[in-house]
Amino acid sequence: MIRTQRLAAGVCALLATLAAGLAFPAAASAGEPTGEATPKVDLVLDVSGSMRSRDIDGGSRMAAAKQAFNEVLDATPEDVRLGIRTLGANYPGQDRRTGCKDTAQLYPVSTLDRTEAKTAVATLSPTGWTPIGPALLKAADDLGTDAGSKRIVLISDGEDTCAPLDPCEVAREIAAKGIGMTIDTLGLVPNTKLRKQLSCIAEATGGTYTSVQHTDELTDKVNQLVDRAADPVVTPVATEGGAQCTAAPSLKSGLYTDREEFGQQRWYKVDVRPGQELRASVSVAADRAVNPDYGVLLQAVTAHGREIVRGEAAGNGRTDMVSTGLRYPKAESDDDSAPAETVCLQVTNSFSAASGVKTTPGLPLELTVDVVGGPSQAGDVASFGLGRGWWLLGVLVLTGFLAGLVWGWVSRWRVAVWRTN
C-alpha cells in the first residue's frame, strides 16, 4: 500500500489537494481513522552469521540488537500487539534451499508478556543465511488482514541471500494487497548495496529506511516506530478502477488505494448532487526505477465523455511521487428532486519503466474523494477577482496612498524650510 503511508501515502494525497487549493472536511465514509482498531507490530530480526561482527559500540551486532529489543519491550505501549520473527536463526548448514526457509516466529503477535519475550530474545545466537524475502512474507501473515495499523520493522546487517525471491518484489506484492501494511527497515552496516535494498523495501510500502551504527540509535528508532503504530491512522480502502467509465466502481467520500500499470488509464465514478462540490486528488508513486520526465493527469468527465475540469502535474526524476487535484462545484437547482450527476474520474500516468525493471504489479495509486456542500454565493465568490484577500489588499493600497501623501507633505515642508534659511 501507499505512505501513505501508508500514513505516508495519505499525507501526500492531502498535500497535493491543498496545493491545488482544496480543503477537506474531517468526516468521510471510507478510509476513516482506525485508531479504535488494535495496532500490530512484527519485529523481524536478522540472526544470520554476520551478526557476530563486533563493530557496534565495541560489541557484536547481535548484542546491540538484544539490548535494543529489551529496552523496546519495556517501553512498548499496552495497546500494541507485538511479535518477533527471526531470519537465519536456526540452520547453520550450507544447503541453500534449507537456509532460505530459515525464518521462525520467536514470539507471536499478541498482548505482550515482557518477561517471556525477553527470555526468547536472550536465546538468539547468530547462525545462518539471510532470507529477507521469505521472512517478510511470513511476517505479513503474522499480522493478518484485519483493520488497524500493521507495521513490520526489519533489522538487518546484510543483503538477502535467497534470490531470485527479490525482497523488493515481495514488498510490492504486500503493498498491492491493499491491507494497509507498512514496512520500515533499519540497516546496521553503512553499505551501499544494503541501503539500496532496504530503501527499496521500505519505499514500496510507504515506510522508512534508517542506517543505525550505535545501540542507542537502534533503540530510539525501533521505539519510535512501535509508538507510531499506536497512533490513529487513516487506512485507505482498496479498490480497482475500471478500463472505462461504464465499468468503473462507484466511490463515496474517502481515501482509496489502487494499482496502475505504466501508461495505463483508471476510471472511477462519483455521484454529485446539485449544490454539492466534488473535490478529488490523486498521487502515483514510483516504487521502482523509472525513466525521467513523467506526469499524472486527473480528469473529471461527464458520463457522455465531455471533460469538465482537469488537474495535471509533471516530474523529472527528482521525486518518487507526483500528485495533482481538482474541484467541481455543481450548480444548485430549483428542483429538489433533481437527480445526481455521475462524474467520471480518469487517472492517467506517463511513467515508463527503466530497462530491466518489472512492470507488475502496477504503480501505487492513492485517490482522495470528497463530496461536500457547495460554496455559498456570499462567502466564496471572488470580489473583483481578488478572492477572500480583497479587503487586505484594499487596506494595503489605502495605507500606501496615505503614506505617500504624508511623505509628500513632509518633503515640501523641508524644502520650504531650506529655502527660508
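A disulfide joins Cys-245 to Cys-344, with an S to S distance of 1.8 Å. Cys-245 lies in the loop between strand E7 (237–238) and strand E8 (250–251), and Cys-344 lies in strand E15 (residues 341–349), so this pair ties together parts that are 99 residues apart in sequence. A search of the whole structure, which is a predicted model, finds three disulfides.

**The Cys-245 to Cys-344 disulfide**

- The torsion about the S-S bond of Cys-245 and Cys-344 is about -60°, so this disulfide is left-handed.
- Cys-245 has a relative accessibility of 13%; because the cut-off for buried is under 20%, Cys-245 counts as buried.
- Cys-344 also counts as buried, at 0% relative accessibility.

**Gln-346 in strand E15**

- Strand E15, which holds Cys-344, also contains Gln-346.
- Gln-346 counts as buried, with a relative accessibility of 7%.
- The side chains of Gln-346 and Gln-265 are joined by a polar contact of 2.9 Å.
- Leaving aside residues up to four places away in sequence, Gln-346 touches Gln-265, Arg-266, Trp-267, Leu-297, Leu-298 and Gln-299.

**The Cys-100 to Cys-162 disulfide**

- Cys-100 and Cys-162 are joined by a disulfide with an S to S distance of 2.0 Å.
- Cys-100 is in the loop between helix H3 (96–99) and strand E3 (103–110), while Cys-162 is in the loop between strand E4 (150–156) and H6; the pair therefore ties together parts that are 62 residues apart in sequence.
- The link of Cys-100 and Cys-162 is left-handed, with -100° about the S-S bond.
- Cys-100 is buried, its relative accessible area being 14%.
- Cys-162 is likewise buried, with a relative accessible area of 5%.

**The Cys-168 to Cys-200 disulfide**

- A disulfide joins Cys-168 to Cys-200, with an S to S distance of 2.3 Å.
- Cys-168 belongs to helix H6 and Cys-200 to helix H7, so the pair ties together parts that are 32 residues apart in sequence.
- Cys-168 counts as buried, at 7% relative accessibility.
- Cys-200 counts as buried, at 15% relative accessibility.

**Pairing pattern**

- When the bonded cysteines of the protein chain are numbered in sequence order, the pairing reads 1-2, 3-4, 5-6.

- Helix H6 spans residues 167–176 and is mostly covered, with eight of its 10 residues buried.
- The buried residues of H6 are Pro-167, Cys-168, Glu-169, Val-170, Ala-171, Arg-172, Ile-174 and Ala-175.
- Among the elements covering the buried residues of H6 are helix H5 (132–143), strand E5 (181–187), helix H7 (192–204) and strand E9 (254–260).
- The N-terminal end of H6 is capped by Asp-166, which has a side-chain oxygen 3.0 Å from the backbone nitrogen of Cys-168.
- Gly-178 follows H6 and has a positive phi, near 65°.

Methods:
Residues are numbered from 1 along each chain as its sequence is written. This is a predicted model: local features need pLDDT of at least 70, side-chain atom pairs count only at pLDDT 80 or more; totals for chains, interfaces and linings use all residues. Side-chain values use heavy atoms; hydrogens and water are left out. Buried means under 20% relative accessible area, exposed over 50%, partly exposed in between (1.4 Å probe, protein chains only). Helices (H or I, at least four residues) and strands (E, at least two) are DSSP runs, numbered from the N terminus. Contact means heavy atoms within 4.5 Å. A polar contact is a pair of N or O atoms within 3.5 Å; within protein, one must be able to donate a hydrogen and the other to accept it, and residues adjacent in sequence count only if both atoms are side-chain atoms. A disulfide is a pair of cysteine sulfur atoms within 2.5 Å.
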